[in-house]
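Here is a short briefing on one protein model.

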Amino acid sequence: MVIGWKLHGDGRTPPPGEVVRPDERLSWPRTAGIGAQHVVAMFGATFVFPVVMGLDPNLAIMMSGVATILFLLIVGGRVPSYLGTSASFVGAVAAIRAAGGDSATVTGAILVAGLVLLAIGLLIHFAGAEVIHKVFPPVVTGAVVMLIGFNLAPVVATVYWPQDQWVALATLAFAVLCAVLLRGFWGRITILLALVFGFALSWVLDQTAGKITSVLPSQNLLDGAGKACTAEGPYCVATAFPHDRVDFTGVKGADWFGFPDLHAPDFKTSAILLALPAVIALIAENTGHVKAVSAMTREDLDPVLGRAIAADGVGTALASAVGGSPTTTYAENIGVMAATRIYSTAAYYVAAIVAILFGLCPKFGALVAATPGGVLGGITVVLYGMIGLLGAKIWIESRVDFADPVNLVPVAAAIILAIGNVTLQITDDFPLQGIALGTIAVLVGYHVLNALRRPESSGAGIIAPSEEEIGGPSR
């Protein structure tokens, strides 16, 4: 385990062409500055996703710091990376809550998924990195990542966007413009900038246009007779009422210093099955990030790939065990390293400590929780779409051939099953639906069809005819 760092040169910014390696550092003031950049880079998504999942953002920020420190220790300081809140579980959490699950059920399901990820990481460590590519080839991992993102479209359409459609549209437009027009560091915090913009716009509209009438989840609950009820469900639904877009009541009542609220997990089989597909996405995500760091540092990191995946499983399991959010390595922070060419793990320890201190400020968490639904509506359109298209990115980079029906058919079926939230009722209390059903369809379908494939089969003909087919070569 690497804790000490050698001073790189004179401790100042490295000359052109030189890099600061993971076991090196700049002077501590400069290291602290780089650490602060890592905090800002991970900040937006790390606290937005807990809010979207209905979990405590303060606890998520704090546990991301704890998980990052554990990750760096487990990989022996060889893989500089920050563990922020994972987006891979957002769809599963939405499905669990739609089925009546609470935060304890959510974190219990995520905890089990984290332990499964840990076990897979250990298997990869001892069996070798090639086992990933055999069980989870790019066509499967790309499909799972895509269906996780696109399965969330109804959440945007039915939960966030209707709360304030014009603020949602303005926030979306601002996020798109920032993503296209901004470069470098500012381009990497597009989501954070859009959130600040939407928050400010909502406050200004409260002062100038007055209250808005819309539906807020779990508020103003009425039954079929129009009488107030307490438990949201089929016969007790949230109804529209006039309200401010921004409510600072919780912020005013929160303390400046204090420990985040913790809760124990609760384990339900149906919820666990919904969360398990995210493990495949995390494996793909961690593998891609380790490969990216390996390319930047010019060091073969395959020997520690299993440890990196296992470390992410440890972080996810530990965070969810106390009521926090799942974790994953963050591309945002890898982008900071690529821009600065400073790969020092010392900066990540600084970022982790700062995150832990942020988590000990309840007032900050209350401010995050006060984010208007319309703002989340605009942001989630971009975030969920980007998650889905990451699956397409995996296909493109791996040159997946969709002229081959073994690739095409399972993926096509899985995506429709997931986006349509199709349910397969195994027993009265054991349904498979949405993401879980889609993941099983693509994983089992691909391997079964691949095993049944005729050796002489070209695999072509569904999207474009092969040269041997009647009609001549495709044009």
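In this predicted model, helix α6 (residues 138-150) and helix α19 (residues 405-419) have axes that come within 9 Å and cross at roughly 20 degrees. α6 is therefore roughly parallel to α19, a term for angles under 35 degrees. Axes are lines fitted to C-alpha atoms, for helices over the stretch in contact, and angles run from 0 to 180 degrees between N-to-C directions.

**Helix pair**
- α6 passes α19 in a right-handed crossing (the near helix is turned clockwise from the far one by less than a right angle).
- From α6, Val139, Ala143, Met146, Leu147 and Phe150 meet Asn407, Val411, Ala414, Ile415, Ala418 and Ile419 of α19.
- Contact means heavy atoms within 4.5 Å.
- This contact of α6 with α19 has ten nonpolar residues, one polar and no charged (Ala, Val, Leu, Ile, Met, Phe, Trp, Tyr, Cys and Pro are nonpolar; Asp, Glu, Lys and Arg are charged; the others, Gly among them, are polar).

**Ile120**
- Ile120 sits in helix α4 (residues 103-127).
- Ile120 counts as buried because its relative accessibility is 19% (buried is under 20% relative accessible area, with a 1.4 Å probe and protein chains only).
- Beyond neighbours within four places in sequence, Ile120 contacts Val279 and Ile283.
- Ile120 and Ile283 lie 163 residues apart in sequence, yet 8.7 Å apart in space, C-alpha to C-alpha.

**Whole protein**
- The protein has 20 helices and ten strands (DSSP runs: helices H or I, at least four residues; strands E, at least two; numbered from the N terminus).
- Of its 475 residues, 50% count as buried.

**Basis**
- Local features need pLDDT of at least 70, side-chain atom pairs count only at pLDDT 80 or more, and totals for chains, interfaces and linings use all residues.
- Residues are numbered from 1 along each chain as its sequence is written, and side-chain values use heavy atoms, leaving out hydrogens and water.

How values were computed
Parallel < 35°, antiparallel > 145°, perpendicular 65-115°, else oblique.
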